[in-house]
Amino acid sequence: MPISSYAGNRSSRGGISALGGGGGGGGGWSRSLLPTTFSSSPKSKLPRKSRRRLRSLLKDFIHTHFFTLSLLSLSLLLFFAALLHFGPFSLASSSSSRISRSSRPRKPLSPLNDAVGAAAVDATTKDLYDKIEFLDIDGGPWKQGWVVTYKGSEWDREKLKIFVVPHSHNDPGWRLTVEEYYERQSRHILDTIVDTLSKDSRRKFIWEEMSYLERWWRDSSDSKREDFKKLVKNGQLEIVGGGWVMNDEANSHYYALIEQMTEGNLWLNETIGVVPRNAWAIDPFGYSPTMAYLLRRMGFKNMLIQRTHYELKKELALHKNLEFIWRQSWDAVENTDILVHMMPFYSYDIPHTCGPEPAICCQFDFARMPGFTYELCPWGQHPVETTPDLVQKRAEMLLDQYRKKSTLYRTNTLLVPLGDDFRYMSNEEAEAQFRNYQKLFDYINSNPSLNAEAKFGTLEDYFQTLRDEAERINYSLPGEIGSGEIEGFPSLSGDFFTYADRQQDYWSGYYVSRPFFKAVDRVLEHTLRASEILNALLLGHCQGGHCEKLPASFEHKLTAARRNLALFQHHDGVTGTAKNHVVQDYGTRMHTSLQDLQIFMSKAIEVLLGIRFEKNEHNPSQFEPAQVRSKYDAQPIHKGVIIQERSARSIIIFNPLEQTRNEVVMAIVDRPDVSVLDSNWTCIESQISPEMQHKRDQIFTGRHRVHWKASVPAMGLRMYYIVHGAGQCENAKLAELKTSSDSDQVSCPAPYACSKVKGDTVVIENRHLILDFDANCGLLSKVTEKGGSQNNVGEEISMYSSRGGAYLFKPIGDAQSIIRAGGQLVITTGPLMREVYSYPKTEWDKAPISYSTRVYNGEDTIQDFLIEKEYHVELLGGQFDDKELIVRYKTDIENRRTFYSDLNGFQMSRRETYDKIPVQGNYYPMPSLAFMQGLDGRRFSVHTRQSLGAASLKNGWLEIMLDRRLVRDDERGLGQGVLDNRAMNVVFHILLESNISSTSAPSSNPLPLNPSLLSHSIEAQLNYPLHAFVAKSPQELPSQPPPPRFFSPLASSLPCDLHIVDFKVPRAAKHSFLGHPMEVPKFALILRRRGWDPSYCKKARSQCTRLADDPVNLFSTFKDLEIINLKAASLNLLHEDAEMLGYTSLSGDDVQDGHVVIPPMEIQAYKLQLRPHQ
């Protein structure tokens, strides 16, 4: 996504030119505090060359200082003699000093228990935020920095090596759809790259997005493809990242991140024979350590990032720390380290990449010369052709910028990107850039006195030269921890949210923009995962059998679904920052795939249950999904199950999780006098209540909700029956209803008994919780844990007035409550589910929100411990223009404005509210979870099934934004506001916990806290729901019970801290019915070991029977399938070298034996083959 050049006209408030060329190499991070817990690997992680160099240095040192070392040895002998004689004594010092890298203890990997380690690093992003004053001082030509100078002697010993990296940033959808961009621009850019690079072997280029490359590949001639391959093979053209898109890192879930990277990387390897090594992310709006972790586990060693807070860039540049080792916060053994290059300036366009003075750099963007379509330089000085009489002046002017930029980094290897959005559209444009730069390079390289060498390069060229230089010259600072991965650079942990590009413009609005489609994204994700599992189980059980046609006929649609999910992870897709018609294109693609996947699943379940065989794409199914969408932007609706007299409808439920699931489930029926039977034709308890909707004058729909408790095997299926006239069973228990006293418009639906609410308080409860509500507005006020603590939880629905846009949250003052006393209230009480529903009174005739709060009574279910909140949001119409809707929970938890939000559903990050930055800067992404923890150990957690934004602006408060409607364009290139809101439901699962062991005050602990095991279980059930399928036709009541219908593929539930991220067949095998001999399909199994907080209930309230502390035997995972040929692999399935990937617990012998050890917080992938037990 492009942004206009930042040429603002702010008055100077004092420069910092006295700092000279980047402030020297001063002790920027060496004074920051270290976590107290750290360990290291028993095995040296230094590269082989480094170890040789260290041995040589050690040999020279011993030879030179032999006499001194002899005296030191004698002194140590005397010391130990004294110790033996007098006993131990203390050497405690009053001042703590940083442990130097050379003396850092190295110890074996910690035991695989529930404890998660802590990384020792030179700095965390919290350290940086604590230190930075956020004063936004005008730095002159480099407005967000300072006047950069240099002495000229910096390159006397090591010349400056400049790599100019041509690139073109191609958004797969933004202001145009991906197809429109391809036809108008991207296809021509790829043609241009092949043509212009083929003319001169000195020319280089990098390409990132596989979505466009795959499309171009289909359209290109064989000769063009061969030319492309040659350019890649000879190193002129590098594929960087190689994901389907350049993904967002705030809203995307880690499953989708793995999926989009794997889809792109596998296609690339299969088609061109390339595996990327370097990642390039110039346009995501902030960066997550989750992405760094996944890249490391995919075999990447280096990555580049750009959009981080401008004040943070300045702080890093001051101390030459813009290149660093990114380490995960839990990594005590340095096995997640990845080298990061952070670009220092405002943007990735040419004016902001050659050096600190954009007015000069713009003159070297030769595509802005007259005759091209790009805008002229806004600073008034424009590029001109490099003629012989100009070449010296122009080369020295450009080299001056390169030198100034290089002083911001430690080494004398410099990266200079050369590109922008959709650049290199024509051969003429490309020739203008390559021709002029080559003339400048030739002049620089032919003058040894300049101590510089400049050339076109790829990211691989740059990082390899950088690493070689760091091998030869030690750039480490005294006392710096750094990394065994590569010496000379500091180590850092933390994330880079929330991004600000200038002044107080914080990009926290996109955490919530287009929330409807953020929700669809997650539905497609869990539906794709469920379909992958069913497809894999089919192929495992049906090899050479009767049911191979279905997966074969569905393969192309499964690939399309993977790619449509991957496409939406683009940093203008899931972010909600595209034009309206582009959003519609994304939505239509996801909707099409959802329909395809549901059709496949409805057929697959029949095959696995043995109901019918010979299923392929053209055979209709007897079952249909219980929830359907009529179009791409419609809310899902429950299909009403029509129950005829003395008949039954069967419902099949699929559990996509790896543990047996006991859960209260619901179906919509057309009559209340029904019963529920299980797969053994045994009566089970059920409850009937009226269905409600967001209509003030017609709250009841006339349909009914039937609830019952289902028990479904891990990754298995079970059939249930909804029956009328089953004489042996009692009908579902009728719920009792209460309505608010002033709601005369609410008439009691038949056949329910209704009464009026009395008093100002409404109470509902289950076995574990008592919930108090304000009867005047239906909002939660208090939660009491039976046998535990009482918690004040004041729920508030409020709105911000705003002048932001799709990207920026720019509130005007505080949010104001919109709920007034009155409105309509319906309380439902039954044996399995109890609910308070409110259609509130607001200043508008049609309220923008209604809400339900539910508790469940399913014995031995996780639901017993949670509070379910469902908000129906309709921010529709001009009366809500420039409004942002939030829910705010005001608790009595002493959290001191510190809370924890997740990063991509994978790990937590500590969030602290700072007075020195505005409200919008204190908002953070919340993809799936946010929680507060008090000084007394009480914890308040909110789980969500879609990505949103959250903040804790006052002590004990947690607020979450639900939707936003903005008229303005926020001047970041989109050219419109966000006015295409859709009606939607937002569902939260709230958990209140008290710790069972003492912990330090969370507000003083700089490290992130982990969720409890129970919290993890709640998150899994919310984000990976049960899938229900209803028989299309009724069946007469049988005279004899039908045969039991269930499918249980796992030998037993997996340990409850172990999660199957994915189980799939990445690429189709040949099938016998196509005329080929049947191949054994190649499966992929990806496992995640959750990191959890042991100070909370270790058994997840009796739901957990075992943990993955001991090795897990994968060979005994499946009941009727045999695993053969098991191999550990990278997360993109392209590498099998565990040490190269950073894994410390994967040895070939153990994996071949089927026994795998997964430390907490790790994700591990395995390639395997399956066959039915012989």
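## Basis of the description

The model is predicted, and local features need pLDDT of at least 70, side-chain atom pairs count only at pLDDT 80 or more, and totals for chains, interfaces and linings use all residues. Residues are numbered from 1 along each chain as its sequence is written, and side-chain values use heavy atoms, with hydrogens and water left out.

Helices (H or I, at least four residues) and strands (E, at least two) are DSSP runs, numbered from the N terminus. A residue is called buried under 20% relative accessible area, exposed over 50%, and partly exposed in between (1.4 Å probe, protein chains only).

## Helix α6

Helix α6 comprises twelve residues, 222-233. The expected span of a helix is 1.5 Å times one less than its number of residues. For α6 this gives 16 Å, which agrees with the 16 Å between its end C-alpha atoms. After α6 comes G235, which has a positive phi, near 85°.

The buried residues of α6 are K224, F228, L231 and V232. Viewed down the helix axis, these buried residues fall within an arc of 100°, so they line one face of α6; the arc is that of the directions from the helix axis to the C-beta atoms. An α-helix has 3.6 residues a turn, so residues three or four places apart point the same way. The cover over the buried residues of α6 includes α4 (178-198), α5 (210-219), β4 (237-239) and α7 (254-272), where contact means heavy atoms within 4.5 Å. D222, K230 and K233, on the other side of α6, are exposed.

## Disulfides

The structure holds five disulfides, a disulfide being a pair of cysteine sulfur atoms within 2.5 Å. Three of the links, including that of C354 and C361, are described here. C354 and C361 are joined with an S to S distance of 2.0 Å. Their link is left-handed, with -85° about the S-S bond. Both partners are buried: C354 has a relative accessible area of 2% and C361 one of 0%.

C362 is joined to C377, again by a disulfide, with an S to S distance of 2.0 Å. This link is left-handed, at -100° about the S-S bond. C362 and C377 each lie in the loop between α10 (358-361) and α11 (391-406), so the pair ties together parts that are 15 residues apart in sequence. C362 is buried at 0% relative accessibility, and C377 is buried at 4%.

The disulfide of C748 and C754 has an S to S distance of 1.9 Å. Its link is right-handed, with 80° about the S-S bond. C748 is partly exposed, at 39% relative accessible area, and C754 is also partly exposed, at 32%.

## A four-stranded open sheet

Four strands form an open sheet of mixed pairing, in the order β18-β22-β21-β24. The edges are held by β18 (661-669) and β24 (733-734), each with a single partner strand, so one side of each is left without a neighbour in the sheet. Two strands count as paired if DSSP finds at least two bridges between them.

β18 and β22 (residues 700-712) run antiparallel and are joined by nine bridges. In this pairing, I668 stands opposite R705 of β22. Strands of a sheet pair through backbone hydrogen bonds, either parallel or antiparallel.
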